[in-house]
Every structure is written in C-alpha cells, then in structure tokens.
Amino acid sequence: MAKNKEKIMNCRLGTVGGEAVLEGIMMKGKDGTMGVAVRKEDGDIVVVKEKHVSIRKKYKFLNLPIIRGVVGMVESFILSYKVLNISAEVYGLEEDSEPSKFEKWLDKKFGKNIMDIVMGIALVLGLVLAMGLFVFLPSLITKGIEALVGSDLGLWKNVVEGIIKIAIFVAYLLLVSLMKDIRRTFQYHGAEHKSIFCYEAGEELTVENIKKFKRFHPRCGTSFLFVILILSILIYSLPFITWESVWMRMLIKLPMLPVIVGLGFEFIMFAGKHDNVVTRILSAPGLWMQRITTREPDDDQIEVAIIALKTALPEDFPDFVPPTEENLKKAKEEAEEGEAEND
C-alpha cells in the first residue's frame, strides 16, 4: 500500500500548477487543461474550462534547458493577464461597474479592442517600472552609497546592490499585503498550494485533508522571483559587467536577464521534484517570502481550489462534472422540468 502511494506521489509531482485570481483560483494540468474557478457574490462557484497548450510542445528547441524558462515566463505573463480577465468577468466586476463618459467615448471611437490596447500599454509600463526598480535603482543607490563612503567598495558593491534589490522586493510585498483584496488573494494563493500538496501526496481532495498540508510550495512564483534575485547577485558580479556608468551597467545587465530567468526556472523545477537537504537549504529564502504572499485559507476558498484542480485534471477525476455556466444552466433546466412533472 505504501509503495503504491509513493508511486502515485512520484507520478504527480510537477504535473499541475496554478495561481490565485480575483475571488478564485486557476489550475493548469500537464496536458494543458485549465480550470479557472471563481466564487461569485451569491456564493455559487463557476468554472471556465479551457485548453492552453504551451508553444514549447510545438517547437522542441523552445523546450531546451534555459530557453524553456524564458519562454515559460513570457507565457505565464500572457496567461496571467487572460485568467485575471476571466475571473473579473465571472465574478461580475465588469457588469457591476458603470462605465464613465470617457470610457463610453473610447468604446464608441475605438470599439472594445481599446481595452486590450490599454491593458497592453499598462503591462509594458509595469515591466518598465519593474526594470527601473530592480535593475536601475539598486545600481544608482549603490553608487550613491559608495560616494557617501568616499572609497571604492570593490566586490562588496554587488552584495550591497543585491541587498537593496531584496529590500525593495520585500517592502513591495509587505505594502501590498496591507490591502484587503490582496490579503484575500493571498488566502486563495494558500489554498492553491495546500490543495496541490494534497494531490501530490496521493490523498483524497477534501477540505479536511487539504487543511493538514503546508501553504509554502517550492515551485511557487514568489520563490522563483526570489531565486532570480539571488542569481542576479552572482551573475552581475562577473568582471565584464562594469560599474563605471550606471547606464552602461544597466545596458549590459539587460541581455543577461534571460539567462538568469532560465537558470531560475531550472532550479525551481528541480527543487519541486527533489526533496533533499540541498534543495531545502536553497529553497528556504523563497519559502520564507511565501509567509507574506500566502495566508491560511478558509473552507470556502479550499472548496474553490478543489473544483479548479479537479477541472484541470480530467484524467484523474473522470467522473467530475465542472460547474461551468453551461453545466449549471443545464442542471437548473433539468431541475425545473422535474418540478413541473411533480406538479
């Protein structure tokens, strides 16, 4: 019995991933089946089920080590944008908010595509801001500290720059965690991790079983970002990455980002499948950060995670009927017909 359970666990490791969305959770299985489960204001849980096949499966060279990490990160950005829109639509956020005069004018002049353009611009601006905060600003502050000290810090410049990056990252997470809506999202994040742990352990997906598991997962995006920060300290310490000019340093650092992202991805995937002393030590900082980005979920949030997970894994749960809008409508019609017959 123990051997069979261990076999199930080994087969399930790394086969499913997800993320927290607006009042819900997205789960995606290895075959590309995706389930976005959202709890609406009336208490009903509704799922949007789709297929998302990575481009890495279509072109083998994109699945090579390092390259697959860069491709995966780009795809995750695109997918995150998509599932956030899905969750907002299911939850009814777009229906409840009355468009302003300016939004009506934009819709009249440019059509609905204008929102995609605006969101695209917002994404680019967000990336530029991130580059400024984590690439340019730390170097600038480090140069300022060196000027105040009045002497060359030598190799310590790289350590100081790395500490500043980590401080900015942690400060950002702490600040956003003060927002009520973000705290709820962090609870769903915890539900996502705990349910995946339960599934990987080969246990039945029930609220009580899932509660027993921890909410800190080694394959989490928070851990991934922290690993990237640590790797950047090491790689940006290479001699050819100059400190003579902050702008020149930034220009040299930019082409190195894909390498750092690729290496970070490989480590996260390895750590997620191998539980030993080395991976535990190396994963520890990222797991500590999850104490900020995850919170203990309530029973209702765990129920959402179970539905999202079962939807994303049809082979493991063939008898499960996801509560999509279509299925809910069909069940309601059947119930009404049954009541009519009884009358």
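Modeller: Helices (H or I, at least four residues) are DSSP runs, numbered from the N terminus. Please note that the model is predicted.

Biologist: Where is Met-250 placed?

Modeller: Met-250 belongs to helix α10, which covers residues 246-253.

Biologist: Is Met-250 buried or exposed, and why?

Modeller: Met-250 counts as buried because its relative accessibility is 16%, and buried means under 20%.

Biologist: Which residues does Met-250 contact, leaving aside its neighbours within four places in sequence?

Modeller: Met-250 is in contact with Val-135 and Phe-136. Val-135 lies 115 residues from Met-250 along the chain, and the C-alpha atoms of the two are separated by 6.6 Å.

Biologist: Turning to the sheet, what is the order of its strands?

Modeller: The sheet is open and has 4 strands in the order β1-β2-β3-β4, with antiparallel pairing. At its edges are β1 (16-21) and β4 (45-51), each of which pairs on one side only. From one strand to the next, the twist averages 15 degrees.

Biologist: How many bridges join β2 and β3?

Modeller: Strand β2 (residues 24-29) pairs with strand β3 (residues 33-39) over 5 bridges, in the antiparallel sense. Met-27 stands opposite Gly-35 in β3.

Biologist: Which strands does helix α2 lie across?

Modeller: Helix α2 (residues 67-91) lies across β1, β2, β3 and β4, and runs at about 40 degrees to β3. Helix α7 (residues 180-200) also packs on the sheet, where it touches β1, β2 and β3. The direction of helix α7 makes about 165 degrees with that of β1.

Note on methods
Residues are numbered from 1 along each chain as its sequence is written. This is a predicted model: local features need pLDDT of at least 70, side-chain atom pairs count only at pLDDT 80 or more; totals for chains, interfaces and linings use all residues. Side-chain values use heavy atoms; hydrogens and water are left out. Helices (H or I, at least four residues) and strands (E, at least two) are DSSP runs, numbered from the N terminus. Buried means under 20% relative accessible area, exposed over 50%, partly exposed in between (1.4 Å probe, protein chains only). Contact means heavy atoms within 4.5 Å. Two strands pair if DSSP finds at least two bridges between them. Axes are lines fitted to C-alpha atoms, for helices over the stretch in contact, and angles run from 0 to 180 degrees between N-to-C directions.
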